[in-house]
Number of protein chains: 2
Amino acid sequence: MARLLTSEERTLKLQPLMGAGGWALVDGRDAMEKSFVFGDFVQAFAFMTSVALKAEKMDHHPEWFNVYNRVDITLSTHDCQGLSSRDIALAELIDQAAASAAK
Amino acid sequence: MARLLTSEERTLKLQPLMGAGGWALVDGRDAMEKSFVFGDFVQAFAFMTSVALKAEKMDHHPEWFNVYNRVDITLSTHDCQGLSSRDIALAELIDQAAASAAK
């Protein structure tokens, strides 16, 4: 069972992903979000496929919206209704997938 | 260049997809939407992959949102800022993909 990040974990693990890391907290909900833009739909969907495989492997899935070359991702943990360490782990995998994606 | 569906085309081609067809018009925008629910994330993403390949082939892409086993799709044509025959064609391909998807 996932549990919400503690204040200390938010400072140590969540904060580094915010700001220059490109993630932001969602208004009115304990969740984090980031938008990714690629060269075209094929590149965007290749990125989504990479993330889908990683997400399924860790049994933790994103909420995401795609239109053409843009992918907007929101992370939160259903079990605990907010941000858990699983969201941190998935965000890091997503950033890695984006960094290695075709641009 | 795509052009907006005429009134006659809306009656003949769009209307059959509405109602029992599961598609609905979007409020405040000339677009159509439908939600699809699958057994799990793998099935939902397999469906999305099938649709992605078809969409890329016809060079017309959906706006879509996925969370776990649910996929919400909105169709509209950027070129003409509304519904065109390309949306009808993509909607039919999407319904076929959903019908042949694992449930």
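In chain B of this predicted model, helix α2(B) passes helix α3(B) in a right-handed crossing, meaning that the near helix is turned clockwise from the far one by less than a right angle. Local features need pLDDT of at least 70 and side-chain atom pairs count only at pLDDT 80 or more, while totals for chains, interfaces and linings use all residues. Residues are numbered from 1 along each chain as its sequence is written, chains are lettered from A in the order in which they are written, and side-chain values use heavy atoms, without hydrogens and water.

**Helix pair in chain B**

- The axes of α2 (residues 41-57) and α3 (residues 85-99) of chain B come within 10 Å and cross at roughly 150°; axes are lines fitted to C-alpha atoms, for helices over the stretch in contact, with angles from 0 to 180 degrees between N-to-C directions.
- Helices here are DSSP runs (H or I, at least four residues), as strands are (E, at least two), numbered from the N terminus.
- α2(B) and α3(B) are therefore roughly antiparallel, a label for angles over 145 degrees.
- B:Phe47, B:Ser50, B:Val51, B:Lys54 and B:Ala55 of α2(B) meet B:Leu90, B:Leu93, B:Ile94, B:Ala97 and B:Ala98 of α3(B), where contact means heavy atoms within 4.5 Å.
- By class, this contact has eight nonpolar, one polar and one charged residues.

**Helix pair in chain A**

- In chain A, the axes of α2 (residues 41-57) and α3 (residues 85-99) come within 10 Å and cross at roughly 150°.
- The crossing of α2(A) and α3(A) is right-handed.
- Among the residues that meet here are A:Phe47 and A:Val51 in α2(A), and A:Leu90 and A:Ile94 in α3(A).

**Where the chains meet**

- Which residues supply 37% of the area that chain B buries against chain A? For context, 15 residues of chain B are in contact with 15 residues of chain A, and the area buried between them is about 1400 Å², with 74% from carbon and sulfur atoms.
- The residues are B:Phe41, B:Phe45 and B:Trp64, which supply more than any other three. Buried area is the accessible area (1.4 Å probe) lost when two parts are put together, summed over both.

**Salt bridges**

- Over all chains the count is ten salt bridges, each a side-chain nitrogen of Lys or Arg within 4 Å of a carboxyl oxygen of Asp or Glu.
- Between chain B and chain A the count is zero.
- A:Glu63 forms a salt bridge with A:Arg29, with the closest N and O atoms 2.5 Å apart.
- This pair links distant parts of the chain, 34 residues apart: A:Glu63 is in strand β3 (residues 63-67), and A:Arg29 is in the loop between β1 (24-25) and β2 (32-37).

Note on methods. Angles under 35 degrees count as roughly parallel, over 145 as roughly antiparallel, 65 to 115 as roughly perpendicular and the rest as oblique. Ala, Val, Leu, Ile, Met, Phe, Trp, Tyr, Cys and Pro count as nonpolar, Asp, Glu, Lys and Arg as charged, and the others, Gly among them, as polar.
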